[in-house]
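Here are a few notes to read alongside the model.

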Amino acid sequence: MEYNVVIGLEVHCQLSTRTKIFCGCSPVFGAEPNRQTCPICLGHPGVLPVLNRAVVHAGIMAGLATHCEIRSPNVFSRKHYFYPDLPKGYQISQYDKPICEHGHLEILVDGETKRIGLTRIHMEEDAGKNMHEGLDGVSHVDLNRAGVPLLEAVSEPDLRSPEEAVAYLKKMRNIVIYLGICDGNMERGNLRCDANISLRPKGQKEFGTKVEMKNMNSFRFLRQALEYEIKRQTQVLNEGGTIVQETRLWDAKRGVTESMRGKEMAHDYRYLPEPDLAPVMISDDWIEQVKKELPELPDDKRNRFESEYGLSLYDADVLTSTRELADYYEQTVKAFDKAPKTTCNWVMGELMGRLNEDGTSIDACPMSPAQLAGLVAAIEDGTISGKIAKTVFAKLFGTDQTAMQVIEAEGLVQESDPTAIDAMITPVLDANTDKVAAYLGGKDKLFGFFVGQVMKASKGQANPQLVNERLKALLASRG
Amino acid sequence: MEPYTWTLHEARAKLDAGDISAVELTASLLYRIEQVEPQVLAYNCVAPELVEAQAEAADHLIHDGKAGPLTGLGIALKDNMITQDLPTTCSARLLEGFVSPTDGTIAAKLKEAGSVVMGKTNMDEFAMGSSTENSATEATRNPWDLNRAPGGSSGGSAAAVAADLCLAALGSDTGGSIRQPASLCGVVGMKPTYGRVSRYGLVAFASSLDQIGPLTKDVEDAALLLNAVSGNDPLDSTSSKREAPDFMDGLKDGVAGMRIGVPKEYFIDGTDPAVLTAVQSAIQQMTKLGAEIVEISLPHTPYAVSTYYLIATAEASSNLARFDGVRYGNRVDNGGDLLAMYMATREAGFGPEVKRRIMLGTYALSAGYYDAYYKKAQQVRSLIAQDLTEAFEQVDVLLTPTSPTGAFKLGERTADPLKMYLSDIYTISANLAGVPAISQPCGLDGNGVPIGLQFIGRSFDEASVLKAAWAFENATDFHTARPAL
């Protein structure tokens, strides 16, 4: 039987605020265990939470960027479960009255845009971390992460393939990075994702039984885990079995998902409106102020790149896939102020290729936009050919020289003087009189041979267009 | 009279006049504690060296002309207010020996005011109870009759004030836990409006109901102590941004023309006739003083106790989840897994009443029961609050008994939790509605133990409540009666 795949994602973004969500501790990753804690984030008796306004601000930004309605008042609730990394025995989260609701975002898959619904975005505190490794028979708890602010975005079950799920996660990550509210570092758990996935026979309207999946901390793992789970569920269904509602963990080492807990072990979180925090009121003025502060978002930037720089949808989408890459491209274009398409080709081709090869990201790129712009300028004004430009690029990359300095030092300036070109052509024709005769006799294909010989003689520095022109003229003059 | 018998304002006058030093005043209190505390058992902890050091510091402030209203005055704190230099146990085995790394706002305010914190007073475990018998240590005794309970949960604070073991005390009131023990011990006890006093540093029982307030020897002292602890606190998001007035202003203006409501639902069967008689004469007294008595109705009163026990237990089950033995408190590690550690710790660390309430509250919040219990209780809570709002359109304050009976015998009600819960029948509505209320002595019952009179006021109108109470006190001498110890 053929099945439709139905996927919904829950994305957790750690916010880059100066302090934690309910106390004054630093939320910055990497400190010695339990050094960034206080009685409040340790859940001591008698202390109370005070909401960090910057978290609400970030929530409004995320909501506006994803076309959500901003709810006022929105309400914090306590979500109860016992675990050593959860100091109070409950997580302060939002339940039935979250800050953002009814939004959407667009993804581009196979050249088509698709709208994915966002059920909600809510604010909550992160838990700490239990540590077992390297400890003999005991576990330790690090509560530095307890109280770090999170936004959790829950999608509608609108995703229909692992590709769409990955595109959605990339888009979500991109948006929060554009907004400057989250670093989006998945390796550090700065951005995390859970998935709900179910299958249903093609044509059936009702959703099948869903499985919740956790521990997919990269785009690759998300894709692999979903692909694995689709195969597993398909097999179960084809063998006449039923899908069990459960939570499964992705085991990246073994490439499988494994049951973590079944429905009967599911927590009853006993949500309770948080009596220590007043409902959060968000004035229209506040929303208007955030609207004014919003940076250009990925979709808007992509559309502008298409219209302003004449790029294709595909090129514009790739260039705006991260804020850093888009900024790099735009700085390069602005430094030269011409040839956005050539610049696009160089950024997406030579530069991205080299960065991938080196395993470097664009924000650590050793070549400045001004350096690349100098190279593009040299191509555009005919100083060097596109071919020579690749040599110049390789020599320029990693230095602090300008493109012109490299070109001059290496003597790579393109020869564009007709007299000099003629001086290169004449010896070639003289040495190949038989081929000249054959050409003149009608063997047009030999033209390429002469071009090759002349370019070789010029060590690639002859202006190719001029070589074509002069060669035609000089050959004709021998007829 | 011995200095330990003084009120706050009497002691203030003597200190300011130089008739006595803070060190001498404190020595008198420590002497009294040495003599009487072994019988009353009001304190969980007194640290004489700390007390003396604070008194010396207070004398310096007085000498330098920097004394405030509370400088040098010995005040006791209920043992659910966190303090850096004394343990905070909530009278729970689980927190035995626990010392907080920080002071709560109220402890910090008292320190800043130069007052002398005498110690931490006994209470029902985690403030759950009405007799102080639910303490992991021994039950506090009622100074009027050592075989009787002082009420609760702030029984230690009330007994300490009644027995002159401090000049005044602070307690916390979730359903009557300041007013009921004040009533049973013959002292003044006030629950301010919810949000008037910071809860930062108060170990939470039921967060939406808890409020810290004074227990004092007279109404003027209640106003003075309330002045010292009131006001917005950025560390407590539920504390009101309203500026607190000076509660001494207008305190002694009298009640001529004041409209006093008497809710008929507060004079029901099961209330001791001696209590009814005492409160009736209080009503006559208020009429004599020029107040107008209006009979009113608060129709949802019969639902208050059940509403309270759903909301309070639900919040308690949540608030007490943090006591898991992981970060602080007494862990019981029986060598089993994590769940076994949690269960052994909480089994050994909590007493029966706390366990009962955690179970009730957990049940009320469980999937499938939330709407029928917690949500419904919140709806009824709104109706009870609305009753009061409507009543306060007609009258300025309400007058009621504080407790249906005087002090009961130790052990008399411990076997019957429901009967114990009914001790709070007249005090609970003020917590549910968040309004201020005061209890003051208005007579003695057939057993020779005190009866309490309650005034309830509008939100943030503590001033009217205090004014009515002061007028009654000024016209009578019930507050001057002292137990023979």
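1. A salt bridge here is a side-chain nitrogen of Lys or Arg within 4 Å of a carboxyl oxygen of Asp or Glu. By that rule, 1 salt bridge crosses the interface of chain A and chain B. It joins the side chains of A:Asp276 and B:Arg199, at 3.0 Å from N to O.

2. A word on the basis: this is a predicted model, where local features need pLDDT of at least 70 and side-chain atom pairs count only at pLDDT 80 or more, while totals for chains, interfaces and linings use all residues. Residues are numbered from 1 along each chain as its sequence is written, chains are lettered from A in the order in which they are written, and side-chain values use heavy atoms, leaving out hydrogens and water.

3. How many residues does each chain bring to the contact? Chain A gives 30 and chain B gives 37, with contact meaning heavy atoms within 4.5 Å. About 2,700 Å² is buried between the two chains, 61% of it from carbon and sulfur atoms; buried area is the accessible area (1.4 Å probe) that two parts lose on being put together, summed over both. A:Pro45, A:Phe82 and A:Arg270 supply 22% of what chain A buries against chain B, more than any other three residues.

4. Now look inside chain A. Helix H2 (residues 162-179) and helix H5 (residues 298-309) pack at about 90°, their axes 9 Å apart. Helices are DSSP runs of H or I, at least four residues, numbered from the N terminus; axes are lines fitted to C-alpha atoms over the stretch in contact, and angles run from 0 to 180 degrees between N-to-C directions. So H2(A) is roughly perpendicular to H5(A), a label for angles of 65 to 115 degrees.

Methods: Helix = DSSP H or I, 4+ residues; strand = E, 2+ residues; numbered from the N terminus. Parallel < 35°, antiparallel > 145°, perpendicular 65-115°, else oblique.
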